[in-house]
Amino acid sequence: MWSTAAQTQNSECACCNENARAFDFWLGEWQVSANGKVAGQNSIDKIQGECVLRESWTSASPGYTGTSYNFYNTSKKQWQQLWIDNQGGSLELAGQKVGNQMILSSQKFKNDKGQEVLHRITWTDNEDGTVRQLWETTTDGSVKIVFDGSYLRTTE
């Protein structure tokens, strides 16, 4: 089913506006490091008429890859991400850009132990051209850092 926004949009570039470009700082080819070690490679490009940011992740540890699709949902007035990996994992996030940060969170859900869990990932657009990705998980009110990575461009 098509969204109403897509059906009524007659512009040459439906996603050439400030909201739809808010995550463009993440575009590019990146080497990602965490704890002083290379964690993997990430490629972020635009597809679907410049409306979708596609992430293609390859871990430094062999055998783990993933893809995310990120877009500004005009009807919900928020950014959304769908992450899918080659291990059968998935994660849905939504949120907004605040200052120089894109902050996306999951809905609260119960894990297999019956605990309430929330994921929150923040991408920070640093002045030096790097990007920090901080992934926090809150389980029954206790916050844990899952990943704290630094993105360094490998190409412009």
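The structure is a predicted model, so local features were kept only at pLDDT of at least 70 and side-chain atom pairs only at pLDDT 80 or more, while totals for chains, interfaces and linings use all residues. Residues are numbered from 1 along each chain as its sequence is written, and side-chain values use heavy atoms, with hydrogens and water left out.

The interior comes first. In soluble globular proteins, nonpolar side chains tend to be buried together. A nonpolar core here is a set of buried Ala, Val, Leu, Ile, Met, Phe, Trp, Tyr and Cys residues joined through side-chain atoms within 4.5 Å; buried means under 20% relative accessible area, exposed means over 50%, and partly exposed is anything in between, with a 1.4 Å probe and protein chains only. The largest such core has 22 residues, and Phe23, Trp26, Trp79, Met102 and Trp123 are the ones touching the most other members. At least two core residues come from each of strand 1 (28-34), strand 2 (37-47), strand 3 (52-59), strand 5, strand 6 (90-98), strand 7 (101-105) and strand 9 (116-125). Strand 1 supplies the largest share, 3 residues. Strands (E, at least two residues) and helices (H or I, at least four) are DSSP runs, numbered from the N terminus.

Next, the aromatic rings. Rings of Phe, Tyr and Trp (for Trp, the six-membered ring) pair if their centres lie within 6.5 Å; planes under 30 degrees apart count as stacked, over 60 as edge-to-face, and the rest as tilted. That rule gives 8 aromatic pairs. One of them is the edge-to-face pair of Phe23 and Trp123, at 5.2 Å centre to centre with 70° between the planes. Because Phe23 sits in the loop between helix 1 and strand 1 and Trp123 in strand 9, this pair ties together parts that are 100 residues apart in sequence. Both Phe23 and Trp123 are buried. They also belong to one aromatic cluster, formed by Phe23, Phe25, Trp26, Trp30, Tyr72, Trp79, Trp123 and Tyr151.

On the covalent side, a search of the whole structure turns up 1 disulfide, a disulfide being a pair of cysteine sulfur atoms within 2.5 Å. Cys15 and Cys51 form it, with their sulfur atoms 1.9 Å apart. The link between Cys15 and Cys51 is right-handed, with 100° about the S-S bond. The pair joins distant parts of the chain, 36 residues apart: Cys15 is in the loop between helix 1 (4-8) and strand 1, and Cys51 is in the loop between strand 2 and strand 3. Cys15 counts as buried because its relative accessibility is 13%, whereas Cys51, at 22%, is partly exposed.

Then there are the charges. Side chains of opposite charge can pair when their charged atoms come close. With a salt bridge taken as a side-chain nitrogen of Lys or Arg within 4 Å of a carboxyl oxygen of Asp or Glu, the structure holds 5 salt bridges. In one of them, the side chains of Lys46 and Asp24 meet at 2.9 Å, N to O. This pair links distant parts of the chain, 22 residues apart, with Lys46 in strand 2 and Asp24 in the loop between helix 1 and strand 1. Lys46 has a relative accessible area of 17%, so it is buried; Asp24, at 22%, is partly exposed. Another salt bridge brings together Arg54 and Asp45 at 2.6 Å, N to O. Arg54 is partly exposed at 27% relative accessibility, and Asp45 is partly exposed with a relative accessible area of 27%. Asp148 forms a salt bridge with Arg132, their closest N and O atoms being 2.8 Å apart. Here too the pair links distant parts of the chain, Asp148 in strand 11 (residues 142-155) and Arg132 in strand 10 (residues 131-139), 16 residues apart.

Most residues other than glycine have a negative phi. Gln48, in the loop between strand 2 and strand 3, has a positive phi near 55°. Lys77, in the loop between strand 4 (65-73) and strand 5, also has a positive phi near 55°. Gln48 counts as exposed because its relative accessibility is 60%, and Lys77 counts as exposed at 57%.
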